[in-house]
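Me: I would like a close look at a single part of this model. Please keep the answer plain and define the terms as you go.

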Amino acid sequence: MSAIVEQSPQATSRRNRWIGLVVVLVLLALFAYSVQDWHQIWTIVSAPDNVPIVAMLFLVPFFTWLGIKQARANDKLIVDLEGDKDLAKTHHRKAEPWRPGWAKELHVWPYLVRIEFLAAVIVTVILYVWSITLNAPLEEPANPNLTMNPSKAPWYFLGLQEMLVYFDPWIAGVVMPSIIMIGLMVFPYVDSNPLGNGYYTIRQRRFAVNMFGWGFLMWILLIFIGTFIRGPGWIWFWPGETWDHNTVVFDRNRDLHEIVAGIPGLGLLQTNWVAKMIFGAIIVGGFYIIGGIFFHWLMKRGKFRPRYLISPREFLAWARNSDPFEEKLLANTSMLQYMTFQFFAISVLLAMPVKLFLRLVFTIKYVWVTPWFNI
Amino acid sequence: MAENDPKETKQLTGEKTNVGLVERAKDTAMSLKDRALEEAKDYKDPQQTQVWKSIFRVSHERSDPRNRSLAILSNVFLHLHPAKINRDAVRYQYTWGMGGITFYLFIVLTFTGVLLMFYYHPSKVVAFRDILLMEHDVPFGKLLRNMHRWAAHLMVITTWLHMFRVVLTGSYKKPREFNWCVGVVLLVLTLLLSFTGYLLPDDQLGFWAVTVGTNMARATPMLGNEGPFGAQLGLTPYNDVRFGLLGGSIVDANALLRAYIWHCIGIPLVASIFMAVHFWRIRKDGGISGPAPVMLESEMKVLKKKK
């Protein structure tokens, strides 16, 4: 009997929830065990200007959950309606309840206006409580002769400041923000999928939602690193480590061509700037080609299930077979839409984490060195 | 004079005249009272007065659906709304109310900001002292400054969450693509508003944050003296884009004044224009996007043919 119970989806989801909770608790316990300096953590978390990002750590997961919850309800409805053509013709097609007698529309006065009024009152109360309990920071008067260490931008710009570690200032401070903003603006024009307009769904917009989610997550992650991890001298301190002003880090910080130059026959890369430049161009060009292939492959995948991670056979099947619905969406996309998406996806969504990884794990500074710019 | 009629005597002493005046006054007063009482009956219902009717042109008789629509349409503050909306759109689970809250925070910031401006001089000599004065001597000054700062941070958060919701619901899709772009511009303006405000207390926090921020401008390609092709175009620290932003080669008095003007006048003006477009377009693009009825994958091809 227990076997049957475990097979039912409800029991499985309940079991998964328990597993998730246990994993989170174990991770929290491990973290708590590894903390050397609670006072340092408290100093960072309780800094008044860091409160918003601490709040974001709770707000983002909450609203993600709220969105996914509604997406699931709609996805279930979509599956049901796909399976039952007659029902699809008569159903009101919303997860929200509806009865034939109900009007489809409501008067804004008072049904919407009262909600807006309530929201304004609640926000005002929150602001009052926040403003009474927590003072806005005020440091010493500005002094150009006394550099703050670490000297940090406001929290919402810490993502950009953190990018300075991985890219030269003109890329991190000017090119990347511009690309991100333009990328956001072209988002509606490259998303050729007509489905999922005005309702939560993941099933019908898996790739678009995941790409945006990935970008949003990366942005929050960079801010998190900038806020909680970067200490004096912009040095990497794990949460729980003391921010020691005397810490010295011996980063080797080589360029990629310097590593490769060690290979016999490639010594030219050490001395000749033309060779360096061509080498870097090949690497970056190759990165764009591989990145393009990667996204092309990724946008045709079906749903990824966690159990694929422990079953190589199922994983291979997922990786090899493209999803017919995703194929159809791709066929709907024009060449211009496709190329535009690829450019922004590779330049931001892929380049950013790859550069971060190269810099933090392999201490590689530049991959492309030229006399005019370095990347 | 001895035969004088008592009446006459009374007349002469003016006694009778006096009685007549009092009586007449009493009569007048009584009739005035009656009239006032009569007229006051009309004021029992304030909604029937001329003053009320001149302000609120619509009867608030709730049972009449036409009045409910007119309540929205004839009010300048409410007329951005349609008279009626999708019944499921009032479920705040769908919109999370984040766009509206962002706008409300903008209003809160304008209100507290104007009050702060009464006490603040954008001058290097007194700016920091003004903040101290505000915190210690101005009644509720500390609360005012706190509220301005936290509302600013909250506005950045709600803007992001609003965008997040719009993506999750696919609301940027046809026909709302352009409004999404306006929204991205508003996001940038929100961040810039917050950033320019950061310098104004003229403390170490703001000074170094702005120093770090504007140092990046030095590296702008073709516009900054340290950026690619900057030197070739003859740019120096004294004529590049950073100089233009700061009004000097260092963060100093001019930078403070410029940040102040951008923060209090320049960016709010531009943002208001974009906001007007943003809200206008919501209506013109067919109102709020949902919750819309779901479309099915099997219906997708039909849609493409329709194009």
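This is a predicted model: local features need pLDDT of at least 70, side-chain atom pairs count only at pLDDT 80 or more; totals for chains, interfaces and linings use all residues.

Reply: Residues are numbered from 1 along each chain as its sequence is written, and chains are lettered from A and ligands numbered from 1 in the order in which they are written.

Between the two chains, 87 residues of chain A are in contact with 86 residues of chain B (two residues are in contact if their C-beta atoms, placed from the backbone, lie within 7 Å). On chain A, at least two residues each come from helix H4 (51–83), strand E1 (105–107), helix H6 (108–111), helix H7 (113–133), helix H9 (169–190), helix H10 (206–229) and helix H15 (324–331). Helices (H or I, at least four residues) and strands (E, at least two) are DSSP runs, numbered from the N terminus. H4(A) gives the largest share of the side of chain A that touches chain B, with 13 residues. By residue type, that side of chain A divides into 56 nonpolar, 17 polar and 14 charged. Here Ala, Val, Leu, Ile, Met, Phe, Trp, Tyr, Cys and Pro count as nonpolar, Asp, Glu, Lys and Arg as charged, and the others, Gly among them, as polar.

Strands also pair across the two chains: E1(A) and strand E1 (residues 84–86) of chain B are antiparallel over three bridges, where pairing requires that DSSP finds at least two bridges between two strands. In this pairing A:Glu105 stands opposite B:Asn86 in E1(B).

The C-alpha trace of chain B spans about 125 × 70 × 30 Å along its principal axes. Of the 307 residues of chain B, 38% count as buried (20 or more other C-beta atoms within 10 Å of a residue's own, with C-beta atoms placed from the backbone). Among contacts in chain B with a separation of 6 or more, 59% are between residues 24 or more positions apart.

Conventions
A residue is buried if 20 or more other C-beta atoms lie within 10 Å of its own, exposed if 12 or fewer, and partly exposed in between; C-beta atoms are placed from the backbone.
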